[in-house]
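Hi,

Here is the structure I promised to pass on.

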Amino acid sequence: MTAAGRPQRGGTSIGAVLAQLRSEFPDVTISKIRFLESEGLVRPARTASGYRQFSTADVERLRYVLAAQRDRYLPLKVIKEQLDAADQGVPQRALRAVDPTHVTREELLARVSPGVLAELERSGLIRPGPGGSYDGEAVRIAATVRAMAEFGVEARHLRAFRTAADREVALVEQVVAPLYRQRDPQARARADEAVRELSALAVTLHALLVKAGLREAGIGRVSPR
C-alpha cells in the first residue's frame with residue numbers, strides 16, 4: 001500500500017475497474033459496481049484504509065454479471081445463484097445447463113413447478129419447440145418468472161408481458177420487412193443488425209416507461225436511469 005493508503009500494485013482501484021468496463025458496458029458506473037458488491041456478486045479485498053482492491057478474477061466476475069444482465073436479461077438473484085454454484089465447485093457443465101440450446105420438459109420442471117409451467121404455456125410466455133423440447137430463452141423466462149414469484153407475482157399475472165412483446169415484435173417486423181425483401185446480398189445482414197438494435201432499444205424504452213410510471217405513482221424510489 002502506498003503512503004496515501006491507495007491499493008497496492010497487485011490490486012485495481014474501483015476507478016480503474018470502471019475504466020476497463022466502460023468500453024464494453026457504457027452505462028456502468030461506480031455506484032453500479034458498489035451496488036453489485038453490496039448484493040454479494042463481487043467481493044473485492046480491502047486495504048487497511050478501506051480502499052477496494054479488485055483482482056483480475058473480480059473484474060471478470062463483474063464482466064460476467066453485466067453481460068448476463070444486458071444480453072440475457074437475467075435477474076441478479078439468478079446470476080448470483082450461478083456464481084455461488086461456481087464458487088462451491090459445481091462442475092462447469094452443470095452451470096452451462098442454465099443456458100442450454102435445448103432442454104427436455106423434465107429438465108425445465110427442475111426449475112419451475114408443473115403448475116407454473118402449465119400457466120406459462122397457457123399464457124404464451126413459453127412455447128415448446130419441435131419434439132417438445134425448450135430452448136435457452138424458455139429456460140431464462142422460467143428463471144425470471146421464478147424470481148418474480150418470490151415477490152408474489154404469479155404466472156397468470158404475466159400475460160400482459162406476452163401481449164406487449166407480440167406488439168413490439170409486430171412493429172419491428174414491419175420496420176425491417178422491406179430490408180428482407182431486397183435482393184441485395186447485404187440487405188439481410190443490415191436487417192439482422194436492425195433487428196438487434198431495435199430489440200435492444202425496445203427493452204430500454206420498456207424499462208424506462210415502467211420506471212417513469214412507478215415514479216409518477218409514487219411507488220418506491222425508482223431511479224430514472
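This is a predicted model: local features need pLDDT of at least 70, side-chain atom pairs count only at pLDDT 80 or more; totals for chains, interfaces and linings use all residues.

**Helices α9 and α10**

Start with helix α9, residues 159-181, and helix α10, residues 187-217: their axes come within 10 Å of each other and cross at roughly 150°. Angles over 145 degrees count as roughly antiparallel, so that is how α9 runs relative to α10. If you like to keep track of handedness, the crossing of α9 over α10 is right-handed.

Which residues of α9 make the contact with α10? They are Phe161, Glu168, Val172, Val175, Val176, Leu179 and Tyr180. On the α10 side you'll find Ala187, Arg188, Arg190, Ala191, Asp192, Ala194, Val195, Leu198, Ala202 and His206. Sorted by class, the contact has 12 nonpolar residues, one polar and four charged.

**Helices α1 and α2**

Now go to helix α1 (residues 14-22) and helix α2 (residues 30-38). Here too the axes come within 10 Å, and the crossing angle is roughly 110°. Angles of 65 to 115 degrees count as roughly perpendicular, and α1 and α2 are therefore roughly perpendicular to each other.

From α1, the contact takes in Ile14, Val17, Leu18 and Leu21, while α2 brings Ile30, Ile33 and Arg34. Six of these residues are nonpolar and one is charged, with no polar ones.

**The second largest pocket**

Last, back to α9 and α10, the elements that each give two or more residues to the lining of the second largest pocket. This pocket holds about 200 Å³ of space. Which helix gives the most to the lining? That is α10, with six residues.

To find the pocket on your screen, pick out the lining: Ala164, Glu168, Leu171, Val172, Val175, Leu198, Leu201, Ala202, Leu205, His206 and Leu209. By class, the lining has nine nonpolar residues, one polar and one charged.

Cheers

Key: Residues are numbered from 1 along each chain as its sequence is written. Side-chain values use heavy atoms; hydrogens and water are left out. Axes are lines fitted to C-alpha atoms, for helices over the stretch in contact, and angles run from 0 to 180 degrees between N-to-C directions. Helices (H or I, at least four residues) and strands (E, at least two) are DSSP runs, numbered from the N terminus. Angles under 35 degrees count as roughly parallel, over 145 as roughly antiparallel, 65 to 115 as roughly perpendicular and the rest as oblique. A crossing is left-handed if the near helix is turned anticlockwise from the far one by less than a right angle, and right-handed if clockwise. Contact means heavy atoms within 4.5 Å. Ala, Val, Leu, Ile, Met, Phe, Trp, Tyr, Cys and Pro count as nonpolar, Asp, Glu, Lys and Arg as charged, and the others, Gly among them, as polar. On a 1 Å grid over the protein atoms alone, a cavity is a set of points where a 1.4 Å probe fits but cannot get out, and a pocket is an open set with protein on both sides within 12 Å along at least five of seven lines; lining residues have an atom within 4 Å of a point. Grid points are joined across faces, edges and corners, and a volume is the space filled by probe spheres set on the points.
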